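Please open the model in a viewer and keep the sequence beside it. The stops below say what to select next and what is there.

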Amino acid sequence: MRRKALAFDHFLHLNVGKCSNFGSGVIFEYNGSALVAMVGKNCFAIASDRRLGVQLQTIATDFQKIYRIHHTLFIGLAGLATDTQTLYQRLVFRHKLYHLREERDMKPETFASLVSAVLYEKRFGPYFCQPVIAGLGDDDKPFICTMDSIGAKELAKDFVVAGTASESLYGACESMFKPDMEAEELFETISQALISSVDRDCLSGWGGHVYLVTPTEVTERILKGRMD
Amino acid sequence: MSRFEESAPARGGFSYDLCKRNEMLMQKGLKPSSYLKTGTTIVGLVFQDGVILGADTRATEGPIVADKNCEKIHYMAPNIYCCGAGTAADTEAVTDMVSSQLKLHRFHTGRESRVVTALTLLKSHLFSYQGHVSAALVLGGVDVTGPHLHTIYPHGSTDTLPFATMGSGSLAAMAIFESKYREGLTRDEGVKLVAEAICSGIFNDLGSGSNVDVCVITKGKREYLRNYMLPNPRTYVSEKGYSFSKKTEVLLTKITPLRELVEVIEGGDAMEE
């Protein structure tokens, strides 16, 4: 069945040696992403890069990767962009149903179990996404976790990373992280870890997007980074 | 009709609706990603009063250590625990599922769960997926019939043994067991032997690492010793930490205050007409 020619079809032909195929890349490296979440003292921060690409070509420099589920629960999604958007829409739908039935917002631990179940359901035909979940639980205790693409939860007490830049992020966070940081210091640490890691990854970058959440306010900041 | 059903919560079991699309992506040249594996050394042994299970705490994603302190000893019932090796999502999902089934069974029968019940539920699930659910388990517990220790392979075969090891570090741990195990060990000797076997896996196998978790199950009591040994502490930590010479440049800041807490006045006469 011939499909209709789409507006960006000619972009596919511009790729040297590749016409409407994905080359020999890895699915996770098709769009590129970098995500990190860190825990501080009664607060947490979640940060992402802003690039959307099609292999080595950049399509957008303001792509949203961190989504808000409710006022103190955020989910960042790394991986294939189409799957991240679909998964986000499914999760927000499930949360809205939960809110209508229970008349309250979901706790972060419950939401993490929900995401894990949604991903494991597709065990043999998965969504190519790696989520990073961050939220404030009971008594304003920060909660972060990440999963692989089939829902294996990894709860951490310090930081979690995901995306194409994850190897650099592991190294940067491991050396820069300190336990019990206050909000401003946490922001500085997570931003420095993100920017230095994406500088070493071709597929992510073009600035950073950081959400810093304390029990009283949510601060959203856009970082300046190398535009290459 | 079918579109709405897709979004509604599913009836349980796996859903295969993305398989066709993923096949198409593979054909076009995209390679699949690697899943979180628990490279692992898991062991179990039977001692005079019950069963001791042990596991390391490293979770790997390819060659990278994703989690330095994960939990591999899963709860099945108050008297039954299960260690899992293989694909992390599979071991977690299969042990959670059988744990729920055991709880329902306990409500139906009003009795303590038996280890062979858990064994049969696990092996029939794994066999029906013909090894594609990649979970290798060491199941141990104490019930009315005594202490039991079993190993379960991803294709659904099982063994009943006095001491067992599974995972990539199983050879290193089995070497320790084969040379030092004897029947009728005391609790302290058993815990020491299990810890030694796990340490052998941690130091000799690249897929296992970090800390040692131990779980001792006896009649009517279980002790979950999380991080029983920490043989790999972080060395050379600088007290002053990392200081940044140049601050990050911020282009835009948006602050959203969260809802203020409302004062609730107790015992007010709001309803008085």
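The tour starts with the two chains together and then moves to single residues and pairs.

This is a predicted model, in which local features need pLDDT of at least 70 and side-chain atom pairs count only at pLDDT 80 or more, while totals for chains, interfaces and linings use all residues. Residues are numbered from 1 along each chain as its sequence is written, chains are lettered from A and ligands numbered from 1 in the order in which they are written, and side-chain values use heavy atoms, with hydrogens and water left out.

**Stop 1: where the chains meet**

Colour chain A and chain B separately. The contact (heavy atoms within 4.5 Å) takes 58 residues from chain A and 57 residues from chain B. Between them the chains bury about 5200 Å², and 58% of that is on carbon and sulfur atoms. Buried area here is the accessible area (1.4 Å probe) that two parts lose on being put together, summed over both. Select B:Leu30, B:Phe244 and B:Leu258: in chain B these lose the most area to chain A, together 12% of what that side buries.

Eight salt bridges are counted between chain B and chain A; a salt bridge is a side-chain nitrogen of Lys or Arg within 4 Å of a carboxyl oxygen of Asp or Glu. For one between B:Lys247 and A:Glu188, the closest N and O atoms are 3.6 Å apart.

Which element gives the most to the side of chain B that touches chain A? Strand β14 of chain B does, with eight residues. Helices (H or I, at least four residues) and strands (E, at least two) are DSSP runs, numbered from the N terminus.

**Stop 2: aromatic rings**

Over all chains, the whole structure has 12 aromatic pairs. Rings of Phe, Tyr and Trp (its six-membered ring) pair if their centres lie within 6.5 Å; planes under 30 degrees apart count as stacked, over 60 as edge-to-face and the rest as tilted. Select A:Phe74 and A:Tyr211, a tilted pair with 4.9 Å centre to centre and 40 degrees between the planes. The pair links distant parts of the chain, with A:Phe74 in strand β6 and A:Tyr211 in strand β11, 137 residues apart. A:Phe74 is buried at a relative accessible area of 2%, and A:Tyr211 is buried at 9%. Buried means under 20% relative accessible area, exposed over 50%, partly exposed in between (1.4 Å probe, protein chains only).

Another tilted pair is A:Phe159 with A:Phe177, at 5.9 Å centre to centre and 55 degrees between the planes. A:Phe159 lies in strand β10 and A:Phe177 in the loop between α4 and α5 of chain A, so this pair ties together parts 18 residues apart in sequence. Both A:Phe159 and A:Phe177 are buried.

Now select A:Tyr120, A:Phe124, B:Phe14, B:Tyr16 and B:Tyr129, which form one aromatic cluster.

**Stop 3: a lysine in a loop**

Go to A:Lys65, in the loop between β4 and β5 of chain A. Is this residue buried or exposed? A:Lys65 is buried, with a relative accessible area of 4%. Its side chain has a polar contact of 2.8 Å with the side chain of A:Asp49, and also reaches the backbone oxygen of A:Gly32 at 3.4 Å. Leaving out residues up to four places away in sequence, A:Lys65 touches residues including A:Ser33, A:Arg50 and A:Ile75.

**Stop 4: salt bridges in chain B**

Over all chains, the structure holds 22 salt bridges. Select B:Lys180 and B:Glu196, whose side chains meet in one at 2.4 Å, N to O. B:Lys180 is in helix α5 and B:Glu196 in helix α6 of chain B, 16 residues apart.

Move on to B:Arg187 and B:Asp188, which meet in a salt bridge at 3.4 Å, N to O. B:Arg187 is partly exposed at 28%, whereas B:Asp188 is exposed at 58%. Salt bridges that share partners join B:Arg187, B:Asp188, B:Lys221 and B:Glu223 into one network.

Technical notes
A polar contact is a pair of N or O atoms within 3.5 Å; within protein, one must be able to donate a hydrogen and the other to accept it, and residues adjacent in sequence count only if both atoms are side-chain atoms.
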